[in-house]
Amino acid sequence: MSTKATEKSHKFTFMPSQLQPVTEEQELATIYRRTGVYPYPKAKQEWITKEARQRQESDEDFNTEQLAKQYDSLKADGKL
């Protein structure tokens, strides 16, 4: 890889220490509107995370979109 190509690729590379989380509510709202991607409610995300970890630890296949649908179904049935 040439030096010029390497310099260009560094433009799109960063280290974890360079990440700066966005915490300002207005800025987050702008990002959500612009991208059309909204986070799950906290309880739903926590349930999905817990289920995904359990399945990962037991080497089960899982899909977080399917887990989200399962959460919605259980919630609608009053099981959560």
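## Contacts of Ile48

Contact here means heavy atoms within 4.5 Å. In this predicted model, Ile48 touches Tyr40, Thr64, Leu67 and Ala68, when residues up to four places away in sequence are not counted.

Ile48 also belongs to the largest nonpolar core, which has six residues.

## Helix α3

The length of α3 agrees with expectation: at 1.5 Å a residue, its 16 residues should span 22 Å, and the C-alpha atoms at its ends are 22 Å apart. The buried residues of this helix are Lys44, Trp47, Ile48, Glu51, Ala52 and Arg55. Viewed down the axis of α3, these buried residues fall within an arc of 130 degrees, and they therefore line one face of the helix.

On the face of α3 turned away from its buried side are the exposed residues Lys42, Arg53, Gln56 and Glu57. The cover over the buried residues of α3 includes α4. Just after α3, Asp59 adopts a positive phi of about 60 degrees.

## Helix α4

Asn63 caps the N-terminal end of α4, with a side-chain oxygen 2.7 Å from the backbone nitrogen of Glu65.

Within α4, the residues Leu67, Ala68 and Tyr71 are buried. They cover an arc of only 105 degrees around the axis, so they lie on the same side of α4. The face turned away from the buried side of α4 carries Glu65, Lys69 and Ala76, which are exposed. Following α4 is Gly78, whose phi is positive, near 75 degrees.

## Packing of the two helices

The buried residues of α4 pack against α3, and α4 in turn is part of what covers the buried residues of α3. Among the contacts of Ile48 are Leu67 and Ala68.

Note on methods
Residues are numbered from 1 along each chain as its sequence is written. This is a predicted model: local features need pLDDT of at least 70, side-chain atom pairs count only at pLDDT 80 or more; totals for chains, interfaces and linings use all residues. Side-chain values use heavy atoms; hydrogens and water are left out. A nonpolar core is a set of buried Ala, Val, Leu, Ile, Met, Phe, Trp, Tyr and Cys residues joined through side-chain atoms within 4.5 Å. Buried means under 20% relative accessible area, exposed over 50%, partly exposed in between (1.4 Å probe, protein chains only). Helices (H or I, at least four residues) and strands (E, at least two) are DSSP runs, numbered from the N terminus. The expected span of a helix is 1.5 Å times one less than its number of residues. The arc is that of the directions from the helix axis to the C-beta atoms. A polar contact is a pair of N or O atoms within 3.5 Å; within protein, one must be able to donate a hydrogen and the other to accept it, and residues adjacent in sequence count only if both atoms are side-chain atoms.
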